[in-house]
Amino acid sequence: MAQTTHTENTEQSARKGRRTPGYKKSSWIGALYHAWKMAFRFDRSQLVVVRAFISAFGFILPLALGVASGHIIEGVSIAGGASSLGTVSLNATHSIRIRTMLLASLGVAVSACVGALTGPYPWLSVLLIGLWSFVAGLLVVISQRAMIIGLQSTVALIILTHFTLSPTQALLEALLMLIGALFQTLLSLIPLWQRVGSERTLLSNSYQALADYAADSSDISNIRQVNIELRQTEETLNDSKSSRRKAKKFTQLLQQANKIRLNLTILTDTLQLIMEQDSEQYAEKVQNIQREIEGILHAIARSIKSSQKAIDLAPYYATLDNRVHELVEEDTSNYKLQQIALYYKALRSYLRAAEKTANSLNQSPPSLAMSIRLPRRPELHIKNPFATFRANISLDSTAFRHAIRLAVVMIIAAIIYRFSPLVRSYWVPISALFVLRPDFTATFTRGFARMIGTTLGALTIALLLYLIPPANMTLVIIEAIVTFFAYALLTVNYGLFSYFVTIQIIILLSFVDQHTSQLELFRTIDTIIGGSLALLTYILWPTWEHLKVPENMARRLETLQKYYLEVMNTYLSPGTYDAERISQVRRDSRLAKTNAEASIERALNEPERHPFDKNTMQCLLTNADHIAESVISLEAFLLENPEHPPLPMLAQLTHSIAAALNTFARAIRDERPARPMQDITQILHELEEKRKALRHNDPAPFTPLSFVLYESKRIISNLNTMNQLLSTKFEGDKGRTDAHEAVTTNQKTST
């Protein structure tokens, strides 16, 4: 008995993340080595040519005109504004690109003006740099594009504090930078024929990532890539204002991709368990199944990107059906083998749906589909940026804590900048700003890449200026070439981008500063100081998330349960709606959502091994988001129909759904299997019968009851998927029985 207790305690300590010193050292070395390798990673699929050429033209034209006309300072100022916006226009859809660039133009101009006005007051500029950095760090909770706007605005503030200008000169400088930024924005309208190219590319990349994930779901790089691609695609489609039929098809493909991810995770987890039981007997058959699924997903990805119908996938499905049948028939008494057939059936249906949607992208007329959509108040949009930002202004927010850390680092860097004898030391805070990221891998990868790229770039321009006479037009030609390569390689390799952008900026500054040789030296020294400061800060002040994932995920479900109960209690008793209380619960739910997202994303990039199942947690989070969408719809219906009659018949259904959310939250927090979810099929059946009876006997509650049941079925479907995800971790005969009941219930509810 004592031995058993000791073993259980040891396993529990391992789950909670308590490691031996040797283990931690090994993990750190491995993580640093991974970050070093990532710094040299060259991803040719991210190469941008057309947009890079347009952005480079927007930068070089005002510079060339300024040099040719003798108005060099004005040309440099306008080119500086265009340079800030050059990277913003590279990877985005048409409407998102224009909106982001306009906001960035305004942010850069205002920040430049503020920086120039506060330049004569060192301590005030230091505080403002800290404030701007804090906001930039917190904007990541809205989107990557919002964070880019914050970063570019902060850079403009930092650079302009270097110059001592009068108020009139400060306004003029800001105006010139605004002109350059708006000119770059105007050029981003070209070419108009690429308006939907980004959506297709992002969706195709998402399905390519799913194909790699299907081939090896245990590879952490595949998990990261699926997360990145699906998140980027979701952000792009959510921000797109297009209401055309293709936009609806794109949304359907994204929804189907998320469903494929969920069901693929359940299937591959079960296949992995089978492999662990008898790898020699089942290994080849499992690998064959994974290869067939990978091939189908690759074909769908090609169909989306090429704007053509997918190849005939019937032979793929026939082969895959046979592979699964052969595996299932290996041992009819093996319960996990029999589960495979159920999980595969669900996955196959979503694969076929995605194939049909991809085929119909260029077809007309559009398919007719019935959907219930209600006009919503801004606070009831799940992606509302202002509500999300407000919810994260709290020490409980992971993003808020990172923003504080970034602000502190930037204040230290700004003090070095404003009070050190270095001539061009504003590169210290700029380097720290771009290197320090919320997660370990991104921080160290960018740090290594930036320091190496900057050093090599400074040496290159020094040699170049020594060999070539520094004539103005010669420098303009060199500037055009290196600017194009900087933009084209931005997402290909950050080290190469740093290399070319170093040359670009030194040449640009050489037009207004005669100490060119000093610029090369100072840029290198400042970058090393700023980058090292960011790396040292992360080591001394890490924000480890891998130990917080279970707690944050459980908190997400608990706050979602409270939000759901607040909304449903109003359906049960209409007079109980409290706008202030439900607004607070909704904010808590948003905060828990962003914390859970940040924890999972950052934990995947940390040096420690993770005491949580990466696939399961990410998929549980996706299901929770789908449930939140339904709860928001339920609240929106309430606000549009405040006089609806009470619906006391929903009490049992409400209790069952709330109990399931609470059960899953406890299971995740305690890191142990959940109790089986109650079969809600009978409750739904009884409510459907009551709904039909109300149509003739009492029509007043018919419509609200119909809507609640519609959304409830969506919620229950996601709960059953959660149950399946957790059921794959069950052990023992009872666990296998519970898992079978979960699968059967999900199939009934989906039907």
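Predicted model: local features only at pLDDT ≥ 70, side-chain atom pairs only at ≥ 80, totals over all residues.
# A chat about an all-helix model

Visitor: Hi! How much accessible surface does the protein have?
Guide: The accessible surface comes to about 32,800 Å², and 60% of it belongs to carbon and sulfur atoms. Areas like this come from the Shrake-Rupley method with a 1.4 Å probe, and for residues only the protein chains shown count as cover.

Visitor: Got it. How many helices and strands are there?
Guide: The protein has 28 helices and 0 strands. Helices (H or I, at least four residues) and strands (E, at least two) are DSSP runs, numbered from the N terminus.

Visitor: And how many of the residues are buried?
Guide: Of the 751 residues, 55% count as buried. Buried means under 20% relative accessible area, exposed means over 50%, and partly exposed is in between (1.4 Å probe, protein chains only).

Visitor: What about contacts along the chain?
Guide: Among contacts between residues at least 6 apart in sequence, 82% join residues at least 24 apart. Contact here means heavy atoms within 4.5 Å.

Visitor: Let's go inside. Which residues touch the most other members of the largest nonpolar core?
Guide: Those are Y207, L297, Y571, L650 and L653, out of 102 residues in that core. Apart from it lies another core of 75 residues, with V155, I430, V476 and V482 among them. A nonpolar core is a set of buried Ala, Val, Leu, Ile, Met, Phe, Trp, Tyr and Cys residues joined through side-chain atoms within 4.5 Å.

Visitor: What does L653 touch?
Guide: Not counting residues up to four places away in sequence, L653 touches Y564, I680, I683, L684, L687, L709, S712 and I716.

Visitor: New topic: how far does helix α27 reach?
Guide: Helix α27 covers residues 702-727, and its 26 residues reach 36 Å from the first C-alpha to the last. That is close to the 38 Å expected at 1.5 Å a residue, where the expected span is 1.5 Å times one less than the number of residues.

Visitor: Is α27 enclosed or open, and why?
Guide: It is largely enclosed by the rest of the structure, because 22 of the 26 residues of α27 are buried.

Visitor: Is L540 buried or exposed?
Guide: L540, in helix α21, is exposed, with a relative accessible area of 66%.

Visitor: You mentioned salt bridges. How many are there?
Guide: A search of the whole structure finds 13 salt bridges. A salt bridge is a side-chain nitrogen of Lys or Arg within 4 Å of a carboxyl oxygen of Asp or Glu.

Visitor: Which residues are linked in a network of them?
Guide: R556, K593, E597 and D625 are linked in a network of salt bridges. E597 bridges to K593, with the closest N and O atoms 2.7 Å apart. These two are separated by about one helical turn because they are 4 residues apart in helix α23.

Visitor: And what about D625?
Guide: The side chains of D625 and K593 meet in a salt bridge too, at 3.3 Å from N to O. This pair links distant parts of the chain, with D625 in helix α24 (residues 614-640) and K593 in helix α23, 32 residues apart. K593 is buried at 9% relative accessibility, and D625 is buried at 13%.

Visitor: Last one: where is R602, and what does it touch?
Guide: R602 is found in helix α23 (residues 579-603) and is buried, with a relative accessible area of 6%. Leaving aside residues up to four places away in sequence, R602 touches T398, A399, H402, P438, D439 and E545.

Key. Residues numbered from 1 in each chain as written. Heavy atoms only, no water.
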